[in-house]
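Student: Hi, could you walk me through a model I just opened?
Tutor: Happy to, let's look together.
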Amino acid sequence: MKLFGEYCLILFKSQLQYRASFLLLSAGQFLIPLTSLAGLYFLFERFGSIEGWNFYEVALIFAVIHMTFALSECLSRGFDMFSTLIVNGEFDRLLVRPRSTVLQVLGSKFEFTRIGRLLQSAIVLGWAISGLSVDWTAWKVVVLALMIASGTFIFTGIFMIMAALSFWTIQGLEVANVFTDGGREMSQYPISIYQKWITRFFTFVIPFGCVNYLPLMYILGRAEDGSGGVGFLYSLAPLAGFVFIVPCLLVWRVGVRHYRSTGS
Amino acid sequence: MKAYVSVFKLRMANGMQYRIAALAGVATQLFFGLIFIMILVAFYRHGGAEMPITLPQLAAYIWLQQACLSLIMLWFRDNELFQLITTGNIAYELCRPTNTYGFWFAKLLAMRLSSAIMRCIPVLFIAFLLPEPYRMSLPPSPVHLILFVVALILGLIILVAISMLIYISTFITMSPTGSLLVFALSGEFLAGLTVPIPLFPGWLQNIIYALPFHWTADFPFRVYSGHISAHDAWLSFPQQLAWIVILVGLGMIAMRAALKRVVVQGG
């Protein structure tokens, strides 16, 4: 953990060497989700609500998902760019070091310019919360924090699996975009609005639903009807994101064992 | 003989790489198309009041968007031209006995077309087979189809002319990021790639119709689905042509100005 912090610090310093470029890129990142947000806003202006969800409720999810995406892109950029490590054979160097490969790959790159996107989502989050009439309890705040942390784990897990696949394919796979960018676009809305098979897949296989729809039901107090236990159960759903990382780590392990240097 | 076989094998493997990349692109586009339509279906289910565009028309709109993505995306990654400018290899380019503007224009056009051909047919094919309400519909008449193709081609020329302006601006800023990113993003927003333009509020639509961006994607797609009648489409072509003249003219002037004071970077 200490090592991870040091990796962070060194890369942060190195990126700050190019201050102007850093600021420009951060500003760009700040603006990227702005058009999606504007789109969301105008759709709600036209339609009023989507399946009984109002703008602020969806904006809350929107903010949470974009935050987690920004965080995971910032922290696990190393996995996102991993195929380059394989292609030029640098992964060999990581293997001979006496630390875990996961840590080293994580530490190989951080993308701090995502701070812009994070900031933007944080503002949206504040806006959404101020527009919602939720009586916040300590546990609800914890659940919200859990949603963000857990979502970060999910995206990181997907990046990790895709990186592990490049042990076999050497090249990065564009199809990963379905799960990263696609997952992001999709989970901007409560996942219940989609077809059943999509909802199921993205709840039980890749648990986006567990950081978006289920805990939101709890926070908004919609899960209370029926037996009282359901609401609490929903609030625990974000934990699925942490569980999701386990099989990802396993795939990574298998991949590392399978690894053959490209030699160059 | 052995050499030919191995060369053939290599070329095949190389081609396969691209095919898999294209296939992955198709899968991504299909997924995005499905998701967007599902969101719109959910919105429409409880929409209540009369909507400015019907759901099947929207489905066609979305699928055409996904299928023709490389024809309508303002930000088509071609770092080669940027590198030419920032590394100074532009000097070679200037030695060519052709008009630089025309040369780049043709290059950008060809790149977009080749990428589109590989991807659009499978996406559309599957989109036609999907169950309602996701199915891609046929245009109301063959006339609409022809008008759509004309509108799309004119739109493509407008789009490339806009992207040329972006490239030319690199001569001045020397960095393709930052402000250009903003330019590309807002351009795509104004072309209806984030939300179909008929769904925008009226005041925003009025702004959008005064800008060139919606001619590249929004207009041809709505001609296809019959949301814009054949008569109106005919009347709109002169506007598209006018934009082409304006944008290409601007681009040529800007290019000449930029090349006059070009400083070749590095050696």
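Tutor: Let's start in helix 10 of chain B, where B:Asp218, B:Phe219, B:Pro220, B:Phe221, B:Arg222, B:Val223, B:Tyr224 and B:Ser225 are buried. Buried means that 20 or more other C-beta atoms, placed from the backbone, lie within 10 Å of a residue's own. Helices are DSSP runs of H or I with at least four residues, strands are E runs with at least two, and both are numbered from the N terminus. This is a predicted model, in which local features need pLDDT of at least 70, side-chain atom pairs count only at pLDDT 80 or more, and totals for chains, interfaces and linings use all residues. Residues are numbered from 1 along each chain as its sequence is written, with chains lettered from A and ligands numbered from 1 in the order written.

Student: Why is helix 10 of chain B largely enclosed by the rest of the structure?
Tutor: Because 8 of its 8 residues, 218-225, are buried.

Student: Switching topic, how many residues do chain B and chain A bring to their contact?
Tutor: Chain B gives 27 and chain A gives 30, with contact meaning C-beta atoms, placed from the backbone, within 7 Å.

Student: Which element gives the largest share of chain B's side?
Tutor: Helix 1 of chain B, with 13 residues.

Definitions and conventions
Contact = placed C-beta atoms within 7 Å. Buried ≥ 20, exposed ≤ 12 C-beta atoms within 10 Å, placed from the backbone.
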